[in-house]
Amino acid sequence: MKKTGQKILGAITLLWFFYSSRHQQDTLRLNEGQCWKGNVNRTGILQRINNPPLQTSYELADFLEGPGFEHANSTTDNRVACKFIKDDHTPHFPHAMQQLYRCFSWWRAFPTKDAYLILPNQQPIDTEFLKGFIERMRDVFGVRVVHMRSNLKVVRPIYTYDWDEQRSFAMRNERDAHELRNRILDRMKLPEAKKSCWNHKLRIRILSRKNSRSIQNVKAIVRALEDAFLGDDDNENASSSIEAVHVESIRVATFEEATFRKQLEFLSQADILVAAHGAELTGIPFQPQCAAVLELFPGGYAVPAFFGSLAAVSGVSHSYMYLGHGDMEREIRVGMR
């Protein structure tokens, strides 16, 4: 990992030492800790998935199947098609995106061919993120959306709904994710994500929720972060490690009513993203290069490999914190029955 990537991941670790945590009725509450004076209640544990580590690259055949493979190199047909499979899970848009990110890598593997998405009429396209993503596939990458396969030779995504499956999300590698991000941001005339990992101040973004798994005292958390990262040079609460982290801004958002554009604008400026587990993390590939995400789980529930797999193939460092009462594995076994 590049030095700045290590610095960003280190900054996430530092964020943890701002607060102790506890779980209350499916909400997340993070309390500012007096960590700079050595008084930290470590109810939660900052963790990464290391055994085995999340996969960062795939072959197309690892996550796609179908006759399209045999036909892809045809010199007589200039089309490549990916068929979306509708089922009981795909109305929840993160599960729909499990398929669409896979399809994107298929289309980009054959950039000179005409790309097709076969999308069933019955599949709901009723969230801002899903609508915006499909529109950008059309106008940025020239993908033609049709509802019947006709004589197209297709591939179909291979995917699973096991929440903690390490291949929940897949693309070929982070180059696909970077092309996706950079070209869409450019077309939407959004501030360009910083392409360099070097010499810029970190932008911390906190993504909260209005209902379940909300961060209850987000304002107090922001104040604590501002005191440490943006306060006076002689701030007694800031350690030498904190002083070495240069922060440009700290901002908070919720996505329940945000347009696709607003979501991408927020994510593309999130060098460090702190967020409760939820559908909003489906946009991780739109974070900047060398970014990092800290995913928060309430007591009795944790599926870190789900969005962790998306971060891994996007080149984003992923850490998570379980905010339960103690024995994570035992509490999860009980909570997820």
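A residue is called buried here when its relative accessible area is under 20%. I note at the start that this is a predicted model.

**Entry 1: the whole chain**

I looked up the overall make-up of the protein chain. I found eleven helices and 13 strands. The chain has 337 residues, and 55% of them count as buried. I then looked at contacts between residues at least 6 apart in sequence, and 78% of these join residues at least 24 apart. The chain exposes about 15,300 Å², with carbon and sulfur atoms supplying 44% of that area.

**Entry 2: helix H5**

I turned to helix H5, residues 128–141.

Next I listed the buried residues of H5: Phe-129, Leu-130, Gly-132, Phe-133, Ile-134, Arg-136, Met-137, Val-140 and Phe-141. In an α-helix there are 3.6 residues a turn, so residues three or four places apart point the same way. I also looked up what the buried residues of H5 pack against, and wrote down H4, strand E7 (144–146), helix H6 (174–187) and helix H9 (260–267). Just after H5 comes Gly-142, which takes a positive phi of about 70°.

**Entry 3: Gln-98**

I picked Gln-98, which lies in helix H4 (residues 93–109). Is Gln-98 buried or exposed? Its relative accessibility is 0%, so Gln-98 counts as buried.

Leaving aside neighbours within four places in sequence, I found Gln-98 in contact with Thr-160, Tyr-161, Ser-168, Phe-169 and Phe-306.

**Entry 4: two positive phi values**

Lys-189 has a phi of about 55°, and Lys-189 sits in the loop between H6 and strand E9 (202–208). With 71% relative accessibility, Lys-189 counts as exposed.

For Cys-290, phi is near 65°. Cys-290 is in the loop between strand E11 (272–276) and strand E12 (292–298). Its relative accessible area is 13%, so Cys-290 is buried.

Conventions: Residues numbered from 1 in each chain as written. Predicted model: local features only at pLDDT ≥ 70, side-chain atom pairs only at ≥ 80, totals over all residues. Heavy atoms only, no water. Helix = DSSP H or I, 4+ residues; strand = E, 2+ residues; numbered from the N terminus. Buried < 20%, exposed > 50% of the residue type's maximum accessible area, 1.4 Å probe, protein only. Contact = heavy atoms within 4.5 Å. Areas by Shrake-Rupley, 256 points an atom, 1.4 Å probe, with all protein chains shown as cover. Expected span 1.5 Å × (residues − 1).
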